[in-house]
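Hello,

Here is the model I promised to pass on. Please open it alongside this note, and then read on for what turned up.

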Amino acid sequence: ALETAHPYRSGYVALLGRPNVGKSTLLNHLVGQKISITAPRPQTTRDQILGILTRPDGQALFLDTPGVHGGYRSLNRHLLRATRGAMESADLGVLVVEAMLWMEDDAEALRWLQRSGLPLLAVVNKIDKIKAKERLFPYLQNLTERANFVAVVPVSARKTSDMEKLADILIPLLPTAPAIFPEDQVTDRNLRFMAAEIIREQIFRQLGAELPYDTAVAIESYQVENGQQRIEATIYCRRPGQKAIILGEGGSRLRVIGSRAREALQQLTEERVWLGLWVKQKEQWTEDTHILRELGYDD
Ligand code: GDP
Ligand code: MG
């Protein structure tokens, strides 16, 4: 049998860190392409943005976990589930911090990672901001002592060679396994998912604090006809009062949500979009298997 010196490796990598340390930037630069929707969005439910990096020696699947303002202590139950889910399916945990900074939310992110029992890597981002590099040394030393990291890697997410170095360290830490996704794929997200996210984003922008987290968007149909995307979606809410809030006076609010979402979808797809939106109130949508399947909660 032919034996190779370096077996192919593949696995999931959970990225954790407080907002603004550069997780999304890191993800985009690691996979070498902008994955359109990577902004921190506290309204994300269970879903993760998956970034796929494929190299000759392995495939790393990065899970960008929600890092919400106010830290991990204030995550609602959906986000808690999402973050836990990411860590349960991960093979490696990465703590992302910003060079020379250590805050309570960094410590909280580290505690989350430590509870997961995963092997851990620390990525110290934004080192380009530090002019005198020797100043970094005590900081890195300090970080090394905070946990049993396999390695502490200083990088600038915007620097391609740094991303290659990071991948050189990271891929050998993954399990020996074949690639999970085709090599040209950079994310597992399809337009159907993106559409639901964009609509949800507009609901939150238009309603803000008025809306509780248990609202969901289901894409009922998604068709492409003569260069036009035809999307029909239902917004589910739990209480009758919520439906009235989403609709607004004479349906005015729903119209704003719809037109903003349509514009965003046109930008994303670079095609004309027709968007039909409905609001349904259903006390128990979280227990309805048909709806759950529509929403992608089928496991
Ligand atoms: P996230 O909240 O952790 O996902 O952080 P983002 O990826 O959104 O980045 C937050 C900000 O830091 C953005 O303005 C980025 O442009 C910036 N940023 C990210 N990486 C770097 C880096 O390596 N160097 C510098 N100077 N800025 C960075
Ligand atoms: Mg982000």
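Two strands count as paired if DSSP finds at least two bridges between them. Helices (H or I, at least four residues) and strands (E, at least two) are DSSP runs, numbered from the N terminus. This is a predicted model, in which local features need pLDDT of at least 70 and side-chain atom pairs count only at pLDDT 80 or more, while totals for chains, interfaces and linings use all residues. Residues are numbered from 1 along each chain as its sequence is written, and chains are lettered from A and ligands numbered from 1 in the order in which they are written.

On to the strands. Ala122 has Val152 of β6 opposite it. Their strands, β5 (residues 120–125) and β6 (residues 151–154), pair in the parallel sense over four bridges. Together with helix α4 (residues 136–144), β5 and β6 form a right-handed β-α-β unit; right-handed here means that, with the strands pointing away from the viewer, the path from the first strand over the helix to the second runs clockwise.

There is also an open sheet of three strands, ordered β7-β8-β9, with mixed pairing. β7 (216–225) and β9 (272–281) are at its edges with a single partner strand each, so one side of each has no neighbour in the sheet. From one strand to the next, the twist averages 15°. Strand β8 (residues 228–237) runs parallel to β9, joined by ten bridges, and Thr234 has Trp278 in β9 as its bridge partner. Helix α6 (residues 191–207) packs on this sheet, touching β7 and β8, with its direction at about 130° to that of β7. Contact means C-beta atoms, placed from the backbone, within 7 Å; axes are lines fitted to C-alpha atoms, for helices over the stretch in contact, with angles from 0 to 180 degrees between N-to-C directions. Helix α7 (residues 240–247) lies across β8 and β9 and runs at about 150° to β9.

Now the ligand. Around ligand 1 there are 17 residues, of which Gly22, Lys23, Ser24, Thr25 and Ala157 come nearest (near means a C-beta atom, placed from the backbone, within 6 Å). Helix α1 (residues 23–31) gives the largest share of this shell, three residues.

Finally, Gly17 sits in the loop between β1 (9–16) and α1. Gly17 counts as buried because it has 25 C-beta neighbours inside 10 Å; the cut-offs are 20 or more other C-beta atoms for buried, 12 or fewer for exposed, and partly exposed in between. Gly17 and Val94 are 77 residues apart in sequence, with their C-alpha atoms 8.3 Å apart in space.

Best wishes

Note on methods
Two residues are in contact if their C-beta atoms, placed from the backbone, lie within 7 Å.
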